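Me: I'm new to this one, so could you walk me through its salt bridges? Let me put the structure up before we start.
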Amino acid sequence: MPPSPCSSQNNRLPDITESAGDTLVYDREIFNIGSSDFILIDEVSENEEKNLKTYCKQISDKTKSAFRRKNIPKRLPFLQWWPTYSMEDCIGDLLAGITVGLTLIPQAMSFAALAGLPPQYGLYGSFVGSLMYVFLGTCKEVPMGPTAIVSLMTYNTLNGRGPVYGTLLCFLTGVIQLIMGMVGLGFLIDFISGPVNAGFTSAVAILIVASQVKDIFGIRAVGSTLLDMVISLSKDIGNTRMGDMVLGSVCIVVILLLRMLALIHMGPENDSERNKVQRTINRAMWLIGTLRNSIVIIVTTFIGFLYVNSSGHDITSNEIPPIPFKVVGKIPSGLPDFGFPKFSTMRDNGTTIGFFEMVSDLGSGVIVLPIIALIEDLSICKTFSLGKPVDATQELLAIGLCNIGNSFFHALPCTGSFSRSAVNAASGVRTPMGGFYSGILVIVALLFCTPYFYYIPKSALAAVIIAAVIFMVEIRVVKPIYRSKKSDLIPGLGTFFACLLLHMEIGILIGVGLNLISILYHAARPKLSIRVNTTRNGINYLMMTPDRCLIFPSVDYVRNIIIKHSLKQNLPVVIDCSHIYGADFTAAKVIELLTIDFSRRGQLLFFYNLKPSLVTVFEGVRPKDFNIRLFYERQDIDQLLNKHMVVNSTPDD
């Protein structure tokens with residue numbers, strides 16, 4: 001006669017662990033049966049009736065809270081450091097600001113060319129945002145301005161439509177970021193994991209390098225994906241200009257060598273142990289290495305000046321100078337005019353393009369670009385926060401207002417820059433005031449230096465971009481990810497190849513989708529720990545412990561596992577609900593069917609440490625014969641099993 005569900009067994013059965021892949025792992029761990037005081041109890045509160053009046057009151061309270069005196073410094077962070085601003089802070093910020101400004105000017109022109117816009121538009125986006133961030137920003141190391149990633153996304157979004165669309169894109173980027181900050185949507189960046197971010201950044205770096213090869217070789221090429229760029233380059237490779245190729249290659253080598261120079265240190269490792277001469281030499285080498293972009297641009301501009309003058313070319317004409325390499329050409333002098341972005345424009349045939357049609361032409365980049373700009377900015381803030389919390393909402397408000405301000409001066413979208421942040425930190429910046437001095441330096445360049453920008457070789461600007469972004473390819477993170485969790489390589493590599501082969505916004509969405517699939521899979525396949533325990537009276541029972549909440553993707557899987565092992569072991573079953581913190585209607589219906597199934601075949605089913613809120617959910621769908629047996633102390637299982645054994649025992653037993 002087979003043993004009944006309540007019969008005792010003298011031999012203890014091996015413990016079992018049920019994983020998501022139906023793999024059984026046996027161990028011989030002895031389970032100590034004893035008292036447990038761990039009881040999960042929900043705080044009971046009255047359900048407040050939600051109506052229109054309630055929501056209006058909540059919005060009103062939030063609005064009033066935002067303008068309370070104690071919250072003003074939170075939204076205007078400069079009020080926190082300005083009262084204690086000292087002369088030492090001013091000197092530190094001035095030196096850092098000038099250093100960053102000399103790095104920013106050549107980069108801004110390079111990134112404008114990367115975005116498919118004239119070089120001056122990069123400078124237009126380099127002073128307003130820097131000045132505004134002084135008052136609104138929370139991180140002193142962040143210098144606002146054009147960046148490689150945002151510029152490439154701008155290029156893909158504009159698709160050659162020109163500065164009018166670029167200014168509108170800058171305005172829309174700022175508005176979307178501002179709205180996200182006002183309604184608290186900063187949490188959206190949490191859906192972009194580290195591997196996805198690394199894959200996206202690495203792919204963008206390769207795309208940027210590919211997009212600049214045309215200027216290094218002096219040829220023409222277009223394309224928004226790597227394949228398009230390679231095909232376009234191959235078609236015009238026969239028109240390579242030797243002067244551009246030699247000059248561009250030499251510039252890349254020089255920039256990389258100067259970068260290495262900044263990392264060299266003379267004397268002992270500890271700076272305090274070095275003498276004055278060693279510290280002076282180290283400081284000089286660091287400064288030369290840091291200003292490598294400006295040094296290369298100044299030298300190549302002088303070379304361009306000599307070539308153009310020797311050729312007798314008229315620089316006021318629109319013709320290309322007859323020299324071995326291409327130069328930037330005429331750049332409007334002075335500051336840009338202040339004005340609203342254009343919300344309509346004219347076609348070549350004289351018809352008008354309205355606002356909504358312009359937005360439609362920009363496509364999904366209008367939504368993706370603000371999020372990518374936010375990710376880049378917050379990544380810098382987290383890097384330099386030294387473990388302190390980062391106010392994502394304030395950063396959204398800050399960069400949103402900076403982009404709106406930039407759009408009134410005909411600029412392209414901007415955000416914080418990794419490379420310039422590193423320069424800012426290494427230069428000893430004290431407060432966000434460093435951005436003020438960088439912005440002033442850009443204004444000075446626009447007012448007095450634009451005639452000299454004519455002679456800057458395009459291959460030199462391309463070299464600046466290539467030398468900056470090749471270090472963005474994050475090969476170094478592959479090994480740590482592989483050692484930590486191999487499955488995280490899937491979304492990372494998926495994002496990388498998707499961004500290379502498809503449009504970038506599609507690639508990042510694929511990466512987020514792969515992350516969500518991973519999360520949903522783990523939600524649908526919880527781990528179940530299954531052990532055979534014995535009471536003091538020698539009654540064996542099956543203890544099953546799910547490790548997470550019961551919701552509709554996972555509940556059928558859990559039910560099948562419980563039924564499979566309850567039939568196999570033919571013992572009373574105790575479900576430990578200590579880790580189940582939530583359930584839904586589908587879970588309640590499945591639990592109902594599970595209890596009915598156990599009841600029909602006369603097998604006992606108990607729920608241990610089931611939260612009161614979950615009892616309410618389960619009982620909400622119960623029919624008349626639905627019965628949940630609960631207990632909250634381990635010793636109660638002895639009494640419950642003994643009681644039901646007496647009730648269910650027969651003379652044959």
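Me: Is arginine 347 buried, partly exposed or exposed in this predicted model?
Reply: Buried means under 20% relative accessible area and exposed over 50%, with partly exposed in between (1.4 Å probe, protein chains only). Arginine 347 comes out at 34% relative accessibility, so the label is partly exposed.

Me: Which residue does arginine 347 meet in a salt bridge?
Reply: A salt bridge here is a side-chain nitrogen of Lys or Arg within 4 Å of a carboxyl oxygen of Asp or Glu. Arginine 347 sits in the loop between strand E4 (345-346) and strand E5 (352-353), and the pair ties together parts that are 10 residues apart in sequence. Helices (H or I, at least four residues) and strands (E, at least two) are DSSP runs, numbered from the N terminus. The N to O distance is 2.4 Å, and the partner is glutamate 357.

Me: How many residues apart are aspartate 391 and arginine 75?
Reply: These two form a salt bridge, with the closest N and O atoms 3.5 Å apart. Aspartate 391 is in the loop between helix H15 (365-384) and helix H16 (392-407), while arginine 75 is in helix H2 (residues 72-75). The pair links distant parts of the chain, 316 residues apart.

Me: How many salt bridges does the structure hold?
Reply: Residues are numbered from 1 along each chain as its sequence is written, and side-chain values use heavy atoms, leaving out hydrogens and water. As the model is predicted, local features need pLDDT of at least 70 and side-chain atom pairs count only at pLDDT 80 or more, while totals for chains, interfaces and linings use all residues. The number of salt bridges is 9.
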